[in-house]
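Here's a walk through this structure, one piece at a time.

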Amino acid sequence: MKTHTEYLYFTTKNKREIINITGQVEEAVTKSGIKDGMALVSAMHITASIFINDEESGIKQDFLEWAERLAPFNPNYNHHRTGESNGDAHMKSILFNHEVVVPITKGQLDFGPWQQVFYGEWDGQRKKRVIVKVMGE
Ligand code: ZN
């Protein structure tokens, strides 16, 4: 089995953003030369997410609004007793999960028709990292 590892870096303009990273994952798969296997894509932070969904501006806005309803920005999280102020971002990270595994067939991401990979940033405006680990042969 071969493996290939890459790191993607993001510094978002806004505190919360959803970024389509499918192209960068595809590039990592191409560079790996792996034709059959899987790619693990994982946020290396506890205030960010990786998830699969639809490249459609309405649903992306709905995700941001839904995350804010379920885990609103608010000064009163217990986490803030430690001097932090990002309790909401930890919760939002959990809502969207922190990693995905994507199948690779014939050297390409083997997705359903509308599936894309997204990076969810919940506490941005600083440099954050994502690992892409491609495995297979
Ligand atoms: Zn924190």
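Which strands does helix α2 lie across? Keep in mind that you're looking at a predicted model. Helix α2, residues 57-70, lies across β2, β4 and β7, and it runs at about 145° to β2.

Now for the sheet itself. It's an open sheet of three strands, in the order β2-β7-β4, and the pairing is antiparallel. At the edges you'll find β2 (17-20) and β4 (48-53), each of which pairs on one side only. Go from one strand to the next and the twist averages 25°.

Let's zoom in on one of those pairings. Strand β7 covers residues 116-121, and it pairs with β4 in the antiparallel sense over six bridges.

Two packed helices are described by the angle between their axes and the distance between the axes. Here the partner is helix α3, residues 87-96: the axes of α2 and α3 come within 10 Å and cross at roughly 125°. Angles of 65 to 115 degrees would count as roughly perpendicular and those over 145 as roughly antiparallel, so α2 is oblique to α3. The crossing of α2 past α3 is right-handed.

Who's doing the touching? On the α2 side it's Phe63, Trp66, Ala67, Glu68 and Leu70, while α3 brings Lys92, Leu95 and Phe96. Sort the contact of α2 with α3 by class and you get six nonpolar residues, two charged ones and no polar ones.

Terms used:
Residues numbered from 1 in each chain as written. Predicted model: local features only at pLDDT ≥ 70, side-chain atom pairs only at ≥ 80, totals over all residues. Heavy atoms only, no water. Pairing = 2+ DSSP bridges. Helix = DSSP H or I, 4+ residues; strand = E, 2+ residues; numbered from the N terminus. Axes fitted to C-alpha atoms, helices over the stretch in contact; angles between N-to-C directions. Contact = heavy atoms within 4.5 Å. Parallel < 35°, antiparallel > 145°, perpendicular 65-115°, else oblique. Left-handed = near helix turned anticlockwise from the far one by under 90°. Nonpolar A, V, L, I, M, F, W, Y, C, P; charged D, E, K, R; others polar.
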